[in-house]
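This report covers a helix pair, a ligand shell and some backbone details. The sequence and structure come first.

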Amino acid sequence: MLVFERFAVPGRIGPVSCGFQPGRLTCLLGPNGSGKSSLLAGAAGLLSGEGGVSLDGRRLERYELAELARRRAMLGQQQTMPLGLRGFELLALGAEPIGGVTEAVCLAIADLTEPLGLSGLFERTVSSLSGGEQQRLMIAKAMIQVSPSVNDQARLLLLDEPLASLDWQHQLSVLRVLQQLSRQGLAVAVSIHDINLACHYGDELWCLKQGQLVARGGPEVITSVLIEQVFGVRTRLLEQDGSQVFMPLD
Ligand SMILES: Nc1ncnc2c1ncn2[C@@H]1O[C@H](COP(=O)(O)OP(=O)(O)OP(=O)(O)O)[C@@H](O)[C@H]1O
């Protein structure tokens with residue numbers, strides 16, 4: 001389990017005292033600048049601050065980098081793309097911390113090929129791909145690094161706005177795969193701007209405003225009142241056949 005212990009970066013986030021739990025998909029919601037990326041970077045051990053962050057009871061700074069890379073994967077919001085690589089070579093980078101491309105890693109890649117639409121991308125140079133295609137490869141790379149089927153030390157998958165440049169079909173596929181990975185025992189945390197998708201797929205929703213965690217819990221904690229307070233948008237909750245969606249009124 002990943003635990004924030006009064007973790008704070010003044011002016012950016014916190015203090016936050018709670019955690020990302022194994023077996024659960026946590027969706028971070030909040031307006032621009034509310035602290036989602038800062039919290040994910042703190043969870044990855046890429047941003048230090050006051051208080052601390054522990055993984056399986058051990059402070060992140062006590063892990064060797066190589067060991068941390070076997071425990072957690074992080075996909076940031078802004079990545080430097082290795083433009084000269086081919087798609088498969090990019091995926092192979094995800095397997096580096098766990099011993100390289102083995103037969104099991106190839107099977108894990110095969111499992112991701114259909115849901116993430118990778119089949120036409122393996123041989124192509126990254127620079128020749130669209131933004132969404134590049135993003136799907138980067139998501140797959142992070143998933144391979146901590147796929148429980150190839151890495152028994154994997155604990156945590158962190159993705160900062162992974163859906164931002166994806167079409168609707170691939171947004172849904174990625175969320176389904178993230179759900180599956182969480183069901184295999186990973187703690188998965190993802191920042192996302194689509195409140196309806198977060199409520200549909202998230203086991204837990206964390207809502208941030210100006211660096212503070214203002215709501216946390218199952219989808220029931222997200223209400224029209226909260227959305228107006230946090231995002232300044234009036235919504236109505238529509239319900240049909242057991243499904244709910246927030247519809248903006250403004
Ligand atoms: N490198 C930095 N140095 C100083 N302040 C920063 C830095 N990066 C972000 N901030 C500030 O920290 C706060 C939280 O930013 P953060 O990027 O975590 O928000 P976010 O919720 O991820 O936003 P977005 O939805 O726009 O990606 C903001 O006020 C931002 O201006």
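## Helix pair

Helix α3 crosses α5 in a right-handed sense (right-handed: the near helix is turned clockwise from the far one by less than a right angle; helices are DSSP runs of H or I with at least four residues, strands are E runs of at least two, both numbered from the N terminus). On the α3 side the contact involves Gly87, Leu90, Leu91, Leu93, Gly94 and Ala95, and on the α5 side Leu137, Ala140, Lys141, Ala142, Ile144 and Gln145 (contact: C-beta atoms, placed from the backbone, within 7 Å). By class this contact has eight nonpolar, three polar and one charged residues (nonpolar: Ala, Val, Leu, Ile, Met, Phe, Trp, Tyr, Cys and Pro; charged: Asp, Glu, Lys and Arg; polar: the others, Gly among them).

## Model and numbering

The model is predicted: local features need pLDDT of at least 70 and side-chain atom pairs pLDDT 80 or more, while totals for chains, interfaces and linings use all residues. Residues are numbered from 1 along each chain as its sequence is written.

## Ligand shell

Around the ligand are Arg12, Gly30, Asn32, Gly33, Ser34, Gly35, Lys36, Ser37, Ser38 and Gln77 (C-beta atom, placed from the backbone, within 6 Å of the ligand). The shell holds eight polar and two charged residues, and no nonpolar ones.

## Backbone details

Most residues other than glycine have a negative phi, and most peptide bonds are trans. Arg6, in strand β1 (residues 2-9), has a positive phi near 50 degrees. Gly14 and Pro15 are joined by a cis peptide bond with omega about 10 degrees, and Pro15 lies in strand β2 (residues 13-16).

Technical notes:
Contact = placed C-beta atoms within 7 Å.
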